[in-house]
Amino acid sequence: MNATYCHCEELSLPVIARAQNARSNLRDCFGLCPRNDRIRCICVLAMTAFWAVIMISTTASAQPISSTDLINNAKEYNGKTVTYEGEAIGDIMVRGAHAWINVNDEVNAIGIWVPADLTKEILHRGAYGEKGDWIEISGVFHRSCVEHGGDLDIHAVSIIKLKDGYSTAKPMSVTKVRYAVISGLILVLVLLWKVYRRRLANIPQ
Amino acid sequence: MILRPQKEDFKIIGYYLGKIIVGLGIMMFIPLILGIAYREINPTLDFIISIAITLSAGFLLTIFCHTERDPNWMHGMIIVSLSWIAAMLLGAIPMYLSHHWNSYLDACFDSMSGFATTGLALAQNMDHMAYSHNLWRHLIMFIGGQGIVIVALSFLVRGAAGAFRIYVGEAREEKILPNVVSTARFIWLVSITYLILGTGALAAVAFWEGMPLKNAIFHGACIFMAAFDTGGFAPQSQNILYYHSFLFEIVTIVIMLLGAINFKLHYAIWSGNRREIWRNIEMVTLFITIMATFIIVAFGLQRTGTYTEAIALFRKGFYHLISGHTGTGYMTIYAKQFIREWGPLALMGITLAMAFGGSSCSTTGGIKVLRIGLIFKAMAQDIRRIILPESAVIIDKFHHIKDIVLEDKHVRSACLITLSYIILYGFGAIVGMFYGYPFLDSLFESTSAAANVGLSCGITAVDMPALLKMTYMFQMWAGRLEFVAVFTLIGFLVAAIKGKK
């Protein structure tokens with residue numbers, strides 16, 4: 001029966017940490033001794049699987065999910081807690097106790113509905129000459145948010161700043177200055193020629 | 001017998017083309033000033049280079065092709081079709097220099113998409129784009145929506161007798177006022193008035209919804225230009241979804257509908273003739289087609305269970321329907337959602353709406369509801385002719401500013417242009433399928449390009465084949481000019497090669 005116990009243990013291994021805790025709790029509750037009772041072991045296994053299904057159905061992954069994955073598989077992720085990371089771009093639009101921020105993972109930007117006080121740490125937002133803070137969001141993903149008129153969004157529970165934003169302002173391009181001077185000179189010559197021809201045309205023959 | 005064009009023909013075309021190019025160069029000063037104001041150093045240089053090249057090209061053409069002669073109908077058509085190509089090539093220069101486009105072809109794609117008020121975009125990293133470049137993207141929609149030629153007619157051509165011939169070439173056969181220059185100026189008056197009101201309304205909503213005032217005004221102006229001219233560009237990569245605001249969507253719906261109305265109707269309303277709204281054939285047809293296509297979209301979305309709430313159905317289903325029908329292309333969903341979530345029936349409803357388009361003499365593309373209305377009226381007339389005795393005389397009228405007797409020439413013209421559009425939609429769809437895209441996706445994207453809409457189901461992307469990009473560019477150009485100017489240019493080129501001296 002030892003083998004049976006090991007077998008049960010192996011099967012329950014892939015289940016995420018919270019599910020394992022739940023299983024051991026269950027074992028304690030039932031006062032099970034798996035060495036001698038195969039049926040009880042199957043019972044525990046079934047309960048573990050049930051918990052695992054519950055946990056997996058509400059928590060998609062602790063690993064960040066890309067925007068492409070979320071958009072392309074929106075129905076599967078709908079209503080689940082997801083982790084998404086990207087650059088905070090544009091303005092933080094405060095609406096009462098909450099705020100909208102848009103977070104771009106360099107492929108798409110997704111709207112994040114977040115308690116306004118969580119946005120205080122976001123100091124840099126992506127714009128011209130500015131790389132925004134790189135943040136990680138955990139929250140519930142909505143394919144068609146009932147609260148927000150069918151928008152695809154994430155209702156954030158937590159935000160972690162992973163990298164600070166920075167200025168990306170570039171110095172004046174010498175090549176562009178050269179092209180500007182050359183093209184400007186050509187324009188001046190063309191204008192002078194136009195004025196000269198007009199004056200020539202006005203001189204009585 | 002085809003006659004080869006004379007040297008004087010080329011000079012007339014070149015001279016007026018030069019004037020239009022100069023007009024385009026002058027318009028580039030607007031983003032240049034903004035770039036200086038915002039201290040955007042390199043974008044400012046981009047515009048200095050572009051202005052110098054554009055003005056030099058325009059002035060050189062007016063010097064080399066100087067003529068006192070007025071253009072005839074053929075010249076007018078060719079000037080228009082060439083001026084759109086010139087605008088695309090020159091308007092793409094600041095875009096390409098900004099490094100937000102991967103190639104000059106991509107910049108030309110967005111430039112044509114902007115001028116033709118389509119809204120399909122290949123711009124990269126849009127969320128980090130300079131204010132000046134972003135303004136230019138929206139300004140070209142405003143210029144293109146009013147009509148590139150209108151710019152030149154309003155400010156650069158002094159009462160030329162041939163002005164109307166150029167004006168007509170830009171798919172605006174209707175004069176609002178007796179003088180075409182006055183007509184052009186009225187179109188500007190309407191547009192500038194709405195620009196101030198629309199920008200104010202959008203900026204107020206954006207500010208109310210939490211945007212800083214400076215950005216609210218900038219976004220308001222950009223979104224107005226693209227919405228009123230039924231273009232569809234937006235300053236951020238998420239398009240209208242960026243704002244997450246129902247109120248903002250409502251305001252854009254109003255502006256899109258205003259943009260889809262005939263300028264003649266605007267004039268009638270401005271002159272106090274408000275009854276025209278309820279009587280005009282275009283308005284009646286527009287209302288019917290919106291309702292009919294919305295039923296299809298709503299039924300399709302209901303079947304797939306995509307939006308179960310009424311408010312979501314309105315904000316997604318109705319919004320995209322109006323966006324498609326008016327030829328704007330504003331989106332509050334991601335392109336892939338069309339394919340993955342909407343289902344074929346809803347997608348077909350949107351495709352039909354895009355194909356129909358808005359009013360003639362407006363900034364919309366597509367077949368236009370006037371033609372749809374005329375064809376249906378002619379069909380009803382023919383059915384009555386079959387039912388009634390042979391001796392019965394059937395005379396039908398339609399109301400478009402005034403009562404007009406429906407004649408065969410009206411129906412023939414409407415049918416020919418409708419047929420041309422259907423062929424153009426089909427052509428793009430076949431090219432899309434040639435590259436392996438599914439039928440419905442290809443038809444959707446092709447119709448969006450040819451009807452100058454800009455809704456995308458995801459085909460339009462940087463990595464799509466170059467030939468498909470060029471196909472969509474051709475569709476945008478031909479669709480915007482409603483074929484006649486394009487056919488005339490092709491005929492002119494054939495005559496230049498094969499014609500007899």
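Q: In what order do the elements of chain A run from the N terminus on?
A: Helices and strands are taken here as DSSP runs (H or I of at least four residues for helices, E of at least two for strands), numbered from the N terminus. Chain A holds six helices and eight strands. The model is a predicted one, in which local features need pLDDT of at least 70, side-chain atom pairs count only at pLDDT 80 or more, and totals for chains, interfaces and linings use all residues. Residues are numbered from 1 along each chain as its sequence is written, chains are lettered from A and ligands numbered from 1 in the order in which they are written, and side-chain values use heavy atoms, with hydrogens and water left out. From the N terminus on, the order in chain A is α-α-α-β-α-α-β-β-β-β-β-β-β-α.

Q: Which element gives the most residues to the side of chain A that touches chain B?
A: With contact meaning heavy atoms within 4.5 Å, 49 residues of chain A are in contact with 51 residues of chain B. The count between the two chains is 22 residue pairs in polar contact, both at pLDDT 80 or more, where a polar contact is a pair of N or O atoms within 3.5 Å and, within protein, one must be able to donate a hydrogen and the other to accept it, residues adjacent in sequence counting only if both atoms are side-chain atoms. Among the elements of chain A that each supply at least two residues to this side are strand S2 (81-95), strand S3 (98-104) and helix H6 (174-202). The most, 13 residues, comes from H6(A).

Q: Which residue of chain A meets B:Glu209 in a salt bridge?
A: A salt bridge requires a side-chain nitrogen of Lys or Arg within 4 Å of a carboxyl oxygen of Asp or Glu. The rule finds four of them across the interface of chain A and chain B. In one, at 3.2 Å from N to O, the partner of B:Glu209 is A:Arg95.

Q: Is A:Asn104 buried or exposed?
A: A:Asn104 is found in strand S3 of chain A, and its side chain is joined to that of B:Asp127 by a polar contact of 2.8 Å. Leaving out residues up to four places away in sequence, A:Asn104 also touches residues of both chains, including A:Trp134 and B:Ser237. Relative accessible area under 20% means buried, over 50% exposed, and in between partly exposed (1.4 Å probe, protein chains only). At 12% relative accessibility, A:Asn104 therefore counts as buried.

Q: Which residues of chain B are in contact with A:Gly149?
A: A:Gly149 lies in the loop between strand S6 (134-142) and strand S7 (153-163) of chain A, and because its relative accessibility is 4%, A:Gly149 counts as buried. With its neighbours within four places in sequence left aside, the contacts of A:Gly149 are B:Ile311, B:Ala312, B:Arg315 and B:Lys316.

Q: Why is the pair of B:Phe314 and B:Phe318 described as stacked?
A: Rings of Phe, Tyr and Trp (its six-membered ring) pair if their centres lie within 6.5 Å, and planes under 30 degrees apart count as stacked, over 60 as edge-to-face and the rest as tilted. The structure holds 26 aromatic pairs over all chains. In this pair the ring centres are 5.1 Å apart and the planes stand at 15°, so B:Phe314 and B:Phe318 are stacked.
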